[in-house]
Every structure is written in structure tokens, then in C-alpha cells.
Amino acid sequence: MKPKLPLCLALVLSGGLFCGLAASLNAAPQIRVNSNFPGGSAKVLSIGQTNNYVRITPGGDPNRGWPCWWYLRLDGVDTNQPFVLEVVANEATVPGVNLGQTRKLSADWSLPAQAAFSTDGTTWEHTAQGDRHGNRSVYRINTSSPTLWLAWGPPFTLKDANQLIEKVCNDCPDARSFVLARTREGRPVPGVRIAQVGTAAGQRFSVWIQARQHAWECGSSWVARGFLEWLVSNDPAAESLRQKADIVVIPIVDVDSVERGQGGKQQQPHDQNEDWGPAPYFPEVRAGMEKLSALAKADRLDLFLDLHNPGAGNHSIMFYIPPVPLLLPERVTNEDNFLNIVREQMTGPIPYVGDIGPCGKTYDPAVDKSVDAWVAAQSRPHVVSLTLETPWNNSSSTPTGYIKTGEQMGRCIELYLRALRKGSP
């Protein structure tokens, strides 16, 4: 007996629906790329849905600094096969060394030996060594998570800075948060000051530490985090440092560039690290100058450290010192004492082996507007003003390695101040 037409149609339709559902269930996940969040930066060049592959280039604007930073989130990653990220360097035209000159940004800045990845957006680790081919690198990740965050280095955003400062203030009754300034785009630049209650200010040293004047140099913020977490711990050396010094820490100075996923270095109208002159462009620089100038005039400043990350080929910590005319005898003695302690204490995982960057042989405040030179020029001869550069392109350039560097930096500061007589001429 032949089935009636409606029944045949029903069977055909239901079979089609079943096959469609089965195909849907067996289909590979569709990769989606997102960089529209604080710190995010990526221009998608292609997506390979069948081979679990994404190709990008850093998405920064050269006018906002070197476009070498990249940071993206992936959803729909196929966990049955390795995920492959290919990064093509952004070789945009950027300002040259001399005024008025331009050059092509080296691919090295966009292509770390190992990228950073996370499955929760909070805990970061290294990928395997990238496979470099000229101006591009390929990074492969085995993961059980369909969601991945990938970045040039471990991100550290305004949210991270606020959470760090809140934790420090909760852990230490002598810690007070403050806002250094509001940026040109209206964002707060958070800081924390740790000063022991009940001790006269004139009897204590004063230390100022800041990080991230160049936004892509994310490792410097992690070093600041390591220092702060150690400083408020019950380590006897940390307790000793809290007793003898008032300490200010700014985990991120160029908040706008960090939040927008921009490089920051050599941004227009000029580099933030070279804004320390008579007419600063950035409100956060102006506020820092006012506070540091007040400390210097009151003879309340003893040590200034500006935290950065160096070039791709640097694999150990290095320091920059002020130009030669600012290297007064007492300052040189104190610098030598501090750097000798650093060499003894910072032995790894990221070591200091004595590297010092070239310093200028002349000093003209109208031309040389870098922060370490400005601080030295404003301060008494005993004040040490240095730029600390922690390498980003080796196997220890991870949150763990950076945090350990910050802790070791704290121990160095405590040992240095322990031997320094307060009120020396």
C-alpha cells in the first residue's frame, strides 16, 4: 500500500532536518576574533576555519607610537588540533633617530621569540618558541579551551593596576591610593603611597618608582607589581624598607595608550618619556613633575627609578644613567653603590650583569627632556635617578620572571638605603 503524500513529505522533511542537525553537531567550530577591549590591538588578515589558523598584524596607529603591540581574544578554537597564530610585523614608517628623519619599524619589535597566551584572560604563560620567517612569526598552541587570549607579552591594563593598588591598600595599613592625574582622554592614572604612620617624614628616605611611559613595554608594570607585593609582605627586609622610607609607585603612566592598545613610544606630538620639559603635553607628566619637584626642593627625594623594557636583543637587565654633566661626584658614588648591590642581588631568573646604556656627554634641558635627566637636574647631588630596563624577549620574560625581578629590586633598595646615611650633604 502506497503511503499518502503528506506522510511522505513529512518523512522526507524530518530526515532532512535530522541530517542537517547531525551535520551541525559535527561541524568544526567557527573561529571569531575580537580585539575590542582595553589593551586590545589586532588587524585580522585571514582566518582558516578548517585548519584552526588566524593571521594578524598589530593594529596600532603609528601616530600613537610604534605599532608593535598586539593582543586579541579568540572564540571557537578547535581543541582537536593545535591552534596556529601567524603574526605579520607592522613595519610602518616611524620617526628616525634624528629630528625630521623617518625609518621603517624593524620587524623584531612585533615578533617576540615566544608569545603570551591565556585561557582565562588573567593567568599568562609562554607559547612554544615561535617559528620566524623574515617579517612574520608562527606560534602554535595546544589547548583544551575553545577560548584563547593571545598577546605580544603578558598584558597589564588599568583594571590590573587598580586591582593591584586595592590589594596593596588592603594588605598594608600604611598604604594610601591616589590619582596622579587625569589623562588627556579623562582616564585616572592611579598610584599608591606607602608611608609609615607615626614617623616624622624628615627621618625617612623617599623613593619614587614609575612604570610604563611606553605602553607596549608591559613587563615594566609586572616588575612594579612584584615590587609592591613584596613591599607589603611580612618579609623582614620589606618591613625594614617600610620603616625607613616613604615610597610612591605608579604602575602605569601612559594609561591612554595602554587602554587603547597603542605602542606609545615616539607617539606624536612627542614621546611621553621626552615630555619632561618646560611645557609638558601630558597631564600625568605635568603632575609627576610637580610632585617630584616638591620632593626635591624639600630634600625629600633619594631614589628615582623609571621602569622600561629594552630592545629585542637584550637578554639581561640594563640601566640608563643621566648625562655626564649631571653625574656629580656624590651621585656617581651612590649610583655605583646601588648598582653594585643590584649586581649582587639580581642574579636571575632575569640577571643584571653590569650593563649600562650610553649616556649623553652634554646636557641641554631644552633638548634632553628624558625623565631620569630631568629628575637628576632638579635634585640634590646625592639623589640617584635611573632607568631600569628589564628584557622582554627571553624565556624568563613572564609574569613570574618579572615579579621576581620586582622583589629583587625591592631588596636592592632596602640594602642601598640601609647603608645610606639620611641627611648626608
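**Pockets, cavities and a helix pair**

Q: What volume does the largest pocket have, and what makes a space a pocket?
A: The largest pocket has a volume of about 1,600 Å³, where a volume is the space filled by probe spheres set on grid points that are joined across faces, edges and corners. On a 1 Å grid over the protein atoms alone, a pocket is an open set of points with protein on both sides within 12 Å along at least five of seven lines, whereas a cavity is a set of points where a 1.4 Å probe fits but cannot get out; in either case, lining residues have an atom within 4 Å of a point. Of the 49 residues that line the largest pocket, the closest to its centre are Lys265, Gln266, Asp271, Asn273 and Glu274.

This is a predicted model, in which local features need pLDDT of at least 70 and side-chain atom pairs count only at pLDDT 80 or more, while totals for chains, interfaces and linings use all residues. Residues are numbered from 1 along each chain as its sequence is written, and side-chain values use heavy atoms, with hydrogens and water left out.

Q: What makes a lining residue nonpolar, polar or charged, and how does the lining of the largest pocket divide?
A: Ala, Val, Leu, Ile, Met, Phe, Trp, Tyr, Cys and Pro count as nonpolar, Asp, Glu, Lys and Arg as charged, and the others, Gly among them, as polar. By these classes the lining of the largest pocket has 19 nonpolar, 19 polar and 11 charged residues.

Q: Which helix gives the most to the lining of the second largest pocket?
A: That helix is α2, with 5 residues, and the pocket has a volume of about 490 Å³. Helices (H or I, at least four residues) and strands (E, at least two) are DSSP runs, numbered from the N terminus, and α2 covers residues 158–171.

Q: How many cavities of 30 Å³ or more does the structure hold, and which residues line the largest cavity?
A: There are 2 such cavities, and the largest has a volume of about 60 Å³. Its lining residues include His126, Trp152, Cys218 and Trp392, and the whole lining divides into 8 nonpolar, 4 polar and no charged residues.

Q: At what angle do α3 and α4 pack, and what is this arrangement called?
A: Helix α3 (residues 219–231) and helix α4 (residues 236–244) pack at an angle of about 90°, with their axes 8 Å apart. That value makes α3 roughly perpendicular to α4, because angles of 65 to 115 degrees count as roughly perpendicular, those under 35 as roughly parallel, those over 145 as roughly antiparallel and the rest as oblique. The axes are lines fitted to C-alpha atoms, for helices over the stretch in contact, and angles run from 0 to 180 degrees between N-to-C directions.

Q: Is Leu105 buried or exposed, and how do you know that?
A: Buried means under 20% relative accessible area, exposed over 50% and partly exposed in between (1.4 Å probe, protein chains only), so Leu105, at 0% relative accessibility, counts as buried. Leu105 lies in the loop between β7 (102–104) and β8 (116–118).

Q: Which residues is Leu105 in contact with, leaving aside its neighbours within four places in sequence?
A: Contact means heavy atoms within 4.5 Å, and Leu105 is in contact with Trp66, Pro67, Cys68, Asn90, Glu91, Ala92 and Val94 once those neighbours are left aside. The C-alpha atoms of Leu105 and Cys68 are separated by 8.6 Å, although the two residues are 37 residues apart along the chain.
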